Structures are given as structure tokens and as C-alpha cells.
Amino acid sequence: MFLARNLVLAHFWVAFIAFLGAILLGEWQMFVRSPLSAWVNNPEHYYRSVTAHGTVMAYVLPTLVAMGFGYAITELSLKKPLLGMRWAWGGFWLVVAGTALAAATIGAGKASVLYTFYPPMLASPLYYLGVVLVVVGSWIWVALMSINLRAWRRDNPGVAVPLAMFGNVAGAYLWAWTSVGAAVEVLVLILPASLGLTDTINAGLARVFFSWTLHAVVYFWLMPAYIAFYTLVPRAIGGRLYSDAMGRIAFVLFLVFSMPIGIHHLFADPQVGAGFKFVHAAMTAMVSVPTLLTVFTIVASVEIAGRLRGGKGALGWVKALPWDNPMMLAVTFSFVMLGLGGAGGLINMSYQLNETVHNTQWVTGHFHLIFAGAIVIMYFMVAYELWPQLTGCAPFSQQLVKVQLWLWFVGMLVLSLPWHLVGLLGMPRRMAYYDYTDPALHPQAWTVSVSTLGGLLLVVSAVLLVYILATARRSSMAPAPFTFSISAHPAGHTPALLNGFALWVTMMIALTLVNYAFPIVQIASLKEASVPVIPIGSR
Amino acid sequence: MSEPGAYAWANPWFRWSVVWLVVLTALCVLVGFVWLPSVHGDFTAQGLWASICRAAGVPAKWSATGAAKSGSTSTNVVLERVMARPGAQDSIGRGATLALNCTMCHGAQGMSRSDAPNLAGQYPEVVIKQLHDYKTGKRESAIMVALAANLSDAEIRDLAAYYAYLPKARTAPTTYDEALPALVRVGDPLRNIAPCIACHGGVDQKLGAPWLEGMPKEYLVGQLTAFQTGTRRNDSEAQMRNMVRAMTPKEIDEVAAFYAGKAPATQAR
């Protein structure tokens with residue numbers, strides 16, 4: 001009873017192969033700007049690499065993992081075949097075609113604008129078309145998730161939607177609304193300029209639209225990891241989910257609060273009013289609530305596992321935990337990185353503190369810890385969990401999996417902690433080289449070499465991941481049926497509002513309008529805000 | 001979802017969710033638009049409504065005096081992408097006729113045999129900008145100011161179209177390795193000197209930045225020195241003056257020799 005096997009497998013494979021390529025680029029970037037290498041003679045090559053690394057890691061990898069995991073959840077949790085299989089394949093091929101188009105344009109040097117687009121810089125229209133295809137492919141997934149949930153509801157009136165599917169559809173709706181910002185930016189502002197229809201672009205407005213997408217997209221990346229926290233971790237380590245309702249509350253809070261906060265990326269932008277910057281900063285603080293709820297719930301669920309295994313006393317349950325279980329290891333690593341990265345995030349979101357770290361390596365360190373660390377390590381676990389279902393393989397060598405997780409964890413800390421340090425010292429990000437011979441920079445040189453070493457560990461870990469997945473041996477025995485976590489209170493009543501999305505989606509849209517409508521209208525009406533475009537690689 | 005009354009005010013889940021969100025939003029707005037600005041002299045000088053407008057990003061007045069910024073401007077030309085488009089055939093033809101006036105110094109085909117700059121293949125917006133700057137006195141040259149004085153806007157466009165149409169001189173290599181001067185390839189970040197190839201072609205070619213390859217070395221050294229001493233100041237936002245200010249005479253000589261392409265490779269290092 002898992003018909004979407006090939007579909008899910010295709011998503012994961014394309015995601016991880018692109019991931020492997022992009023991580024090699026990341027390590028190359030780290031190497032050429034470290035004192036271990038001479039300065040890159042053509043900085044354009046560096047920015048080309050940054051663009052490719054960012055585009056794959058921010059759009060292609062998480063979108064494909066969320067889509068693939070979403071299709072798997074639909075069949076495994078609703079226990080019925082996926083509706084719209086052909087459409088799903090169509091969406092997949094759109095994402096693949098878009099990725100190929102964007103990659104070819106970047107490779108040709110026609111799109112070194114970084115994945116955040118940065119108007120008034122303009123890439124070739126083919127790059128934006130590639131990104132649009134990826135997004136349109138993912139919109140098909142959003143529609144299919146909604147349709148499948150609706151069909152299941154019709155057949156199961158009054159039954160609570162399984163938590164995994166609830167989180168999955170919350171992620172889909174979040175993405176649908178989130179992607180509207182960048183879609184408007186690309187279709188209305190960037191593409192006309194890139195096609196040569198206009199010579200100027202309202203760069204401030206474009207940045208406001210991108211901020212609409214830029215922060216909430218992080219929570220779209222995060223959803224699969226959170227679904228794994230709630231619905232895979234407790235089961236995999238032999239515990240119970242402490243509270244099903246808490247999971248639902250966390251998911252709907254993400255839906256409401258992750259959207260209208262993106263202007264905290266524009267603290268240094270003069271065209272946005274200080275009042276709106278404060279409102280967005282305050283609401284950014286709100287979005288830490290679902291994360292804190294999740295950490296509490298998952299730690300409580302893990303404690304249940306510890307006590308079921310005979311742990312006693314205030315801390316005795318920690319010792320009793322199954323520390324040799326890869327999932328136990330992964331969730332621990334993930335929380336450590338989430339804690340460090342989250343603490344750094346509080347500094348980024350504070351209007352004044354942000355000034356000290358804005359556009360420094362601190363920011364790079366922050367999002368690598370949170371996304372590439374805490375979230376991506378859970379993507380690995382999702383793949384390891386699903387693989388026996390997808391390929392019929394025997395369970396993996398636990399030893400190899402643990403080595404892979406350790407390498408990722410240690411590598412990510414070694415990569416990103418030095419970035420935090422030098423960020424505080426003011427090292428700017430997005431630089432192709434630094435002059436370490438200068439007495440002012442010389443003391444920081446070693447940190448860049450250390451980060452390069454951390455990056456190398458990550459490359460080894462990524463290669464190991466692909467090796468483990470690719471060499472999975474088919475087993476003669478059928479895999480055990482897939483299950484999700486059992487709640488500690490299985491008979492608990494699910495409030496009707498936590499079983500549907502109407503209220504939360506309405507709140508999400510209303511709050512976005514309150515927080516974004518005025519800045520958008522105001523900047524759009526400023527004639528002076530249009531600036532000449534700068535096409536990249538046009539001469 | 002189908003539970004009756006889930007979306008009714010009587011349902012406490014619904015009621016409290018809506019009330020909390022509204023209260024939270026109102027609080028944030030009050031703090032951000034009223035309370036925080038109230039402790040800032042800049043915001044409160046003109047009353048409550050003005051401070052709210054300012055916090056929203058639309059101050060009633062942008063500056064206290066309201067007077068436009070005055071002072072000397074380096075150039076009156078606003079570079080627009082439309083200037084960079086190739087000219088029509090008839091424009092090129094008219095430009096070729098007008099260019100007969102220029103051949104004495106700039107060469108019959110735009111390749112100078114004296115130390116005047118080559119114009120063959122020069123980007124049209126560059127020629128347009130410089131001629132306008134001569135015309136308005138923003139760039140000085142006893143000969144060029146007199147010649148540009150009588151040119152109309154259309155004639156300037158025609159000249160630019162003609163010179164852009166001629167083939168460029170190429171001397172620099174198309175790949176950039178350690179054999180080239182460091183300032184050309186990578187600049188000097190800690191002296192705020194950007195690499196030449198970031199604007200003048202190589203990595204990128206920015207609007208208004210001239211094609212330099214094959215230019216007479218004397219001309220390049222002269223212009224860089226003029227930028228450095230401030231006798232030439234028609235670069236908007238002091239782009240070139242800021243680049244050259246920190247350069248030594250030896251470095252000026254090196255980059256000029258590289259672009260002139262006449263010096264042997266060992267000297268260009």
C-alpha cells in the first residue's frame with residue numbers, strides 16, 4: 001500500500017544529487033577565500049558559485065524534500081492511494097526542468113545575482129523562468145495536498161486528520177502564500193526588466209516583495225523537520241508523543257506568524273518606515289513560540305521513552321535513552337544546533353542588535369546552523385526512515401548512519417561557529433577574497449581555514465549519505481508497515497479548529513495585509529524609487 | 001471541522017484566537033507607531049500625527065529646511081541604458097561624416113596615432129557623456145571644449161553611434177591570471193580600490209565605463225593623474241577619483257601599461 005514509491009524516490013534522488021553538487025560548490029567557495037588558496041582571479045566565478053549553491057540549497061533541495069515527503073505522508077498516514085499521480089509527476093518534471101534551466105544559465109555566467117535576486121542587478125530571463133518553473137511545480141504539490149486531504153475528509157467525516165498530514169498541509173498552505181511575494185517580484189518587476197521592456201526597476205519594492213517570501217520560506221524548509229520531530233522521533237526511539245494538540249498548535253502558529261515578519265530582513269533599508277520594522281520585529285519574536293512549544297513537547301516525548309526504558313529520577317531518564325539509535329542522535333544534534341542558531345536569530349531579529357551583525361558572516365553562520373544544521377539533518381533522517389518503504393531495502397548499517405550524522409553535526413559547528421565569531425568582528429559576507437596580509441585582518445585568517453575544514457567534513461558526510469542511500473540492498477523480506485508516533489493520550493479530543501485550516505489561513509492572509517499592504521502601496525507609489533537596471537554579463 | 005459552531009463566537013477556541021491576535025497586533029502597532037517614536041526628538045517635533053506618518057515611512061517633510069541640496073555637481077549627464085543601444089544605419093552614416101573633424105587626433109578609423117584616446121568601438125554612452133561634459137565645461141580640454149561647443153544633442157548621438165560601430169582594439173588576454181597586475185584583477189580591498197575589470201570589462205562592464213584596451217599609455221597615465229589630483233572631476237559620485245586617490249605613481253604606471261598593451265609582459269607585471 002505505497003503506490004507513490006517511485007514518485008517519492010525520484011524527488012529524494014534529484015534533491016540529494018543537486019545537494020551533493022551544491023555542497024561541493026560551497027566547500028570550493030570556502031576554500032578559495034581562505035588563506036589556504038590564492039585569491040580567485042575572477043570574482044565573477046565566485047558569485048556564480050554562490051548563486052548556484054544558494055539556488056539549489058534554498059529552492060531545489062527543500063522544495064523537493066517537502067514535496068516527496070508530502071506525497072509519502074499522504075499515502076502512509078491517510079492509508080489511501082495518492083489522488084492525482086499524473087499531476088504529481090508533472091509537478092516533479094517542472095521542478096527538474098526549472099532546476100536544469102536555472103543551472104545552465106548560472107553556469108553560462110548569465111545569472112550571478114545570488115539566490116536572493118538583488119535587483120537592480122538582472123540575470124538572463126531564463127534564470128528567473130527556471131526559478132518560476134520550480135515554484136509552479138511546487139504549487140501543483142500544494143493543490144494535490146489540499147485535494148487529497150479534502151477527499152479523505154469526505155470519506156472520514158468527524159475523524160481527526162493524522163498529525164503528519166495536518167503538518168504537511170499546513171506547510172503546503174504556508175508555501176502557497178509565501179511564494180506569492182517572490183512570484184509577484186519576478187513576474188511584475190524583474191521579468192519585464194530582464195526582457196528589456198523597461199530600463200528601470202523599483203528596487204526597494206522588489207526587496208519588500210522578496211522579504212515577504214524570504215523569511216517564511218525558512219518555515220517551509222522547516223516543516224518537514226518538525227513533522228519528523230512530532231511523528232517520527234517518538235516512535236523511532238520507543239516513546240510516545242507527549243501531546244498531539246501541541247503539534248497542531250505549533251503548525252498553525254507557524255502558519256499565522258511566519259508570514260508577516262519578513263521586513264526584519266530590511267532593517268537597513270531606508271525606504272521602509274521604522275514603525276513597520278518594529279511590528280515585524282515583534283512578530284518575529286512570536287514565531288519563536290511554536291519552536292519553544294515544539295522543543296518542550298519533543299523533550300517531554302523523549303522523557304517518556306527514557307522512563308519507559310526504566311530511567312528514574314530527575315535526570316536518570318536521560319541516561320536511559322537509546323543513545324545508539326541514529327534518530328536519538330539526530331534529534332539531539334538538531335536541537336543543539338537549533339538552540340545555538342535560534343539564540344543567534346534573536347540577535348538578528350532585534351532592530352538595534354541587528355545593526356552590529358547586519359550583512360556580516362554572522363548571518364551566514366546563523367542560517368547555516370538553523371537550516372543546513374538543524375533542519376537538513378532531519379531531512380537525512382526522513383530519507384533513512386522512508387528508504388526501506390521506497391526501495392524495499394533492509395535496514396541500514398546503524399554504524400554508518402551514525403558516522404554520517406556525527407560528521408554533519410561536527411562539520412556544521414566547525415563551519416559556522418567561526419563565522420559567528422568573525423561576524424561579530426565585522427567580517428562582511430559575500431566576499432570572494434579577504435586581504436589577510438593586512439594587520440587588521442591577519443588575526444582572523446585562521447578562522448576561515450577552520451571553516452574550510454568544517455566544510456570538508458560536511459562534504460564527506462554528504463558523500464556518505466548518498467553512498468548509504470545508493471548502496472541500500474534489496475531485502476527478501478517485505479519492510480514492516482510504516483507507522484507514525486502514537487500519542488501519549490490517544491483518545492484525546494482534537495478541537496475542531498485544530499483539525500482544519502480555515503481560521504488560520506484567514507489569519508495568515510489578514511496579518512500579511514496588515515503588515516505589508518501599506519509599505520507595498522507606499523513604495524510602489526514613489527516615482528523616485530525606480531533605479532536603472534544593471535544586467536549581469538550583458539557585455 | 002464539521003463540528004457545528006467551530007467558527008462561531010461562542011466557541012472559546014475561536015474567540016480567544018481572534019481576540020489574542022487582534023490585541024497582539026494592536027499592541028505592536030501602538031508601541032511601534034506611538035510609544036517608541038514618542039521618546040525620539042526627531043519623531044515628536046511636529047506632533048503625534050506627524051510622528052505616526054514618519055514611523056510609517058512617509059514624513060511630511062524630508063528635511064528641516066526643505067531646500068534642495070546645492071553645491072557643485074561633477075556632471076550633468078544622467079546615464080541611461082537607452083544611450084547604450086547601437087545606433088541606426090543612418091545615424092552611423094551621419095556620425096562618420098561628422099567624425100572627419102576628429103581624425104586629426106583620434107585617427108582615421110578611430111585608432112589614434114598620437115596620444116589622444118582611441119575611439120574605435122568605444123561604448124556609445126561613454127562618447128555621449130564625455131562630449132556633453134566638454135560642452136558644459138565639466139571636463140576640461142582646450143581643444144575638445146571648443147569642438148564640442150557647437151555639437152547638437154543629435155550630432156553627439158550620431159558620433160557616438162559611429163565610433164561604437166567601429167571594431168575595438170583588443171590587447172588584454174581574455175583570461176585573468178597572476179601574470180596581470182593585481183590592481184587590474186583583484187584590486188586592493190583594504191585601500192578601497194576595486195579591480196579595474198569589475199567595471200571596465202573582464203568581470204563586468206558597467207554603464208558609462210569606457211573600453212580601455214589599446215588606449216595610449218600616456219593618455220591613461222594623464223587621466224589617472226588628473227583624477228588623483230582633482231583636475232579632472234567629471235566622474236559622477238567621484239567614482240574614479242576615489243579609486244585613484246590611494247594609488248601610487250608606480251601602480252598608475254602599471255595599470256596604464258597593462259591596458260595600453262605596448263609594454264613587454266615582464267614590465268606589465
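A:K79 sits in the loop between α2 (43–78) and α3 of chain A. Helices here are DSSP runs of H or I with at least four residues, strands are E runs of at least two, and both are numbered from the N terminus. The model is predicted: local features need pLDDT of at least 70, side-chain atom pairs count only at pLDDT 80 or more, and totals for chains, interfaces and linings use all residues. Residues are numbered from 1 along each chain as its sequence is written, while chains are lettered from A and ligands numbered from 1 in the order in which they are written.

| Residue | Phi | Other C-beta atoms within 10 Å |
|---|---|---|
| A:K79 | near 55 degrees | A:K79: 11, exposed |
| A:N359 | near 60 degrees | A:N359: 14, partly exposed |

Burial is a count of other C-beta atoms within 10 Å of a residue's own: 20 or more is buried, 12 or fewer exposed, anything in between partly exposed, with C-beta atoms placed from the backbone. A:N359 lies in the loop between α13 (354–357) and α14 (361–391) of chain A.

The backbone has another feature to check. A cis peptide bond joins A:P119 and A:P120, with omega about 15 degrees. A:P120 belongs to the loop between α3 (85–107) and β1 (121–122) of chain A. Most peptide bonds are trans, and most residues other than glycine have a negative phi.

Now the overall fold. Chain A has 17 helices and four strands. Its radius of gyration is 23 Å, close to the 24 Å that the globule rule gives for 539 residues, so chain A is as compact as a globular protein of that length. That radius is taken over C-alpha atoms, and the rule is 2.2 Å times the number of residues to the power 0.38. The C-alpha trace of chain A spans about 65 × 50 × 45 Å along its principal axes. Of the 539 residues in chain A, 54% are buried.

Next, the interior. A nonpolar core is a set of buried Ala, Val, Leu, Ile, Met, Phe, Trp, Tyr and Cys residues joined through C-beta atoms within 7 Å. The largest has 179 residues, and A:A170, A:I375, A:I377 and A:M381 touch the most other members. Helix α6 (residues 203–231) of chain A gives the most to this core, with 22 residues. Leaving out residues up to four places away in sequence, A:M381 touches A:A228, A:L232, A:M327 and A:A330. Contact means C-beta atoms, placed from the backbone, within 7 Å. A second, separate core of 44 residues includes B:A84, B:A164, B:L183 and B:L212.

Definitions and conventions:
Two residues are in contact if their C-beta atoms, placed from the backbone, lie within 7 Å.
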